Amino acid sequence: MMKKTNEKPQIITRRKFIGNSITGLAVLGFSTLSFSGLVAAKKGNNKKLGIALVGLGNYAESQLAPALLETENCYLAGIVTGTKSKEKQWQQKYNIPDKNVYNYDNFDDIAHNDDIDIVYVVLPNSMHAEYSIRAAKAGKHVISEKPMAVSVAECQQVIDACKKQGVKLGIGYRLHYEPHNLEMMRLGQNQVYGKVNSMQANFSFKMGDLSQWRADKKYSGGGPLMDIGLYCIQGAIYTLGELPISVSARDTTVNRAAWKTVEGSLEWTLKFKSGAVVNSVSSYEQDYQDSLVATADKGKFGLGPAYMYDGLKGFTPEGNMPFNAVYEQVLQMDSFATSVLNNTDVLVPGEMGMRDMYIVEKIYQSMQQGGKELSLADIPKILHKV
Ligand code: NAD
């Protein structure tokens, strides 16, 4: 699997995170990967499932659509876009027939289209719940980009709609398929270097264009926490393999005039029953930071970069991690398609998206209460165990 993108590298913008280089030769020599059922699934069912991408923005164009040329169990069958000029361009590039092209008004007609098995929602955050629910009502399996929605209540509505319609729901947390991050899970959860006592998980970059939807709460639901801070929350929980019991958070926005509806920067602390404490920083105002580091009884291990599409690097007390880049989105979408084909559990289900949104809401509450430590006693009980 060769990862391709035409994007030119840029510095300290989101694009760095989005990944630019023509790297990523997938060498999957990682025995504990949880999606080993892929090949078995394929043998039992020759049909590739059809995916329709909803929202043809940067992520859909630069990552998901090219990945769907390399997936084994699914392919790009349809598109949903509000931009007329994109229709022909995408149809030609990906060989998509007229009957599989939708806009936001006729989207619900997708219910009658047998070419589409899965709808993948890649819209601004505040639109995820609406389109996930409409997709479920159309009888389609749903993948929602992160964050799953912009509130716990919305997440619950999406989960309920998918359950009611008997369709599967997955969240686009691609790092659950990435070897360095899987190694963090293995090292932390199995206490390979002893008990993890503390972690630092940071994800920041300087946002250049503040007119974009990410800086507008109406569309984003929140600032860097909703967008990239989520990776730090995820990293902490899957490395420790336990749920946090409390959180405290501080709004550290520097240029308050610039950030009118969302935070520009924040810091938070998650505490765990084991005694582990995880500190995080996430910002749209700070220089690029992208790391996940654990301090255990017998030394430190971690990643940096930790969350990008490729170029990830990891270290342990015994040296550097040996893994090559994989095409995360290929693995993620094939894994989901396998769950549909085999009617098995989704590796990254909606409940996990809702769990993270519960933490996000508590972080914002703590920020509003001047950093008060809040209990996470009602957290949805879901973990990704290696
Ligand atoms: P983007 O702005 O490039 O694309 C958003 C798309 O939504 C555009 O095609 C736009 O036309 C469309 N859209 C429809 N209605 C809109 C409206 N009212 N306002 C603005 N846009 C509207 O954004 P993106 O970077 O592609 O992000 C899309 C989603 O994907 C986000 O939820 C983001 O969190 C997620 N994402 C995930 C990853 C990942 O690694 N999993 C990476 C990047 C983005």
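Which residue stands opposite I51 in β4? The residue is I118. The pair belongs to a predicted model, in which local features need pLDDT of at least 70, side-chain atom pairs count only at pLDDT 80 or more, and totals for chains, interfaces and linings use all residues. Residues are numbered from 1 along each chain as its sequence is written, and side-chain values use heavy atoms, with hydrogens and water left out.

Strands and helices are DSSP runs numbered from the N terminus (strands: E, at least two residues; helices: H or I, at least four). Two strands count as paired if DSSP finds at least two bridges between them. Strand β1 covers residues 49-54 and strand β4 residues 118-121. The two run parallel and are joined by four bridges. Both belong to an open sheet of six strands. The order is β3-β2-β1-β4-β5-β6, with parallel pairing. The edges are held by β3 (101-102) and β6 (169-171). Each has a single partner strand, so one side of each is left without a neighbour in the sheet.

Strand β2 (residues 74-80) contains A77. A77 is buried, because its relative accessibility is 3%. Buried means under 20% relative accessible area, exposed over 50%, and partly exposed in between (1.4 Å probe, protein chains only). A77 and L53 are 24 residues apart in sequence. Their C-alpha atoms are 8.5 Å apart in space.

A second open sheet has nine strands and mixed pairing. Its order is β14-β13-β12-β11-β7-β10-β9-β8-β15. The edge strands, β14 (319-320) and β15 (374-375), each pair on one side only. Strand β7 (residues 196-204) runs antiparallel to strand β11 (residues 289-296). Eight bridges join these two strands. S198 has T295 as its bridge partner in β11. F203 stands opposite D290 in β11. With strand β10 (residues 277-283), β7 pairs in the parallel sense over seven bridges. There, S204 stands opposite S283. In general, strands of a sheet pair through backbone hydrogen bonds, either parallel or antiparallel.

Helix α5 (residues 128-137) includes R134. R134 is buried, with a relative accessible area of 17%. Its side chain takes part in polar contacts. A polar contact is a pair of N or O atoms within 3.5 Å; within protein, one must be able to donate a hydrogen and the other to accept it, and residues adjacent in sequence count only if both atoms are side-chain atoms. The side chains of R134 and D108 are joined at 2.9 Å. The side chain of R134 also contacts that of Y131, at 3.4 Å.

For the side chain of R174 the distance is 2.6 Å. For a backbone N or O atom of G57 it is 3.0 Å. For the side chain of Y231 it is 3.1 Å. Taken alone, the ligand exposes 830 Å², and the protein buries 82% of that. These accessible areas come from the Shrake-Rupley method with a 1.4 Å probe.
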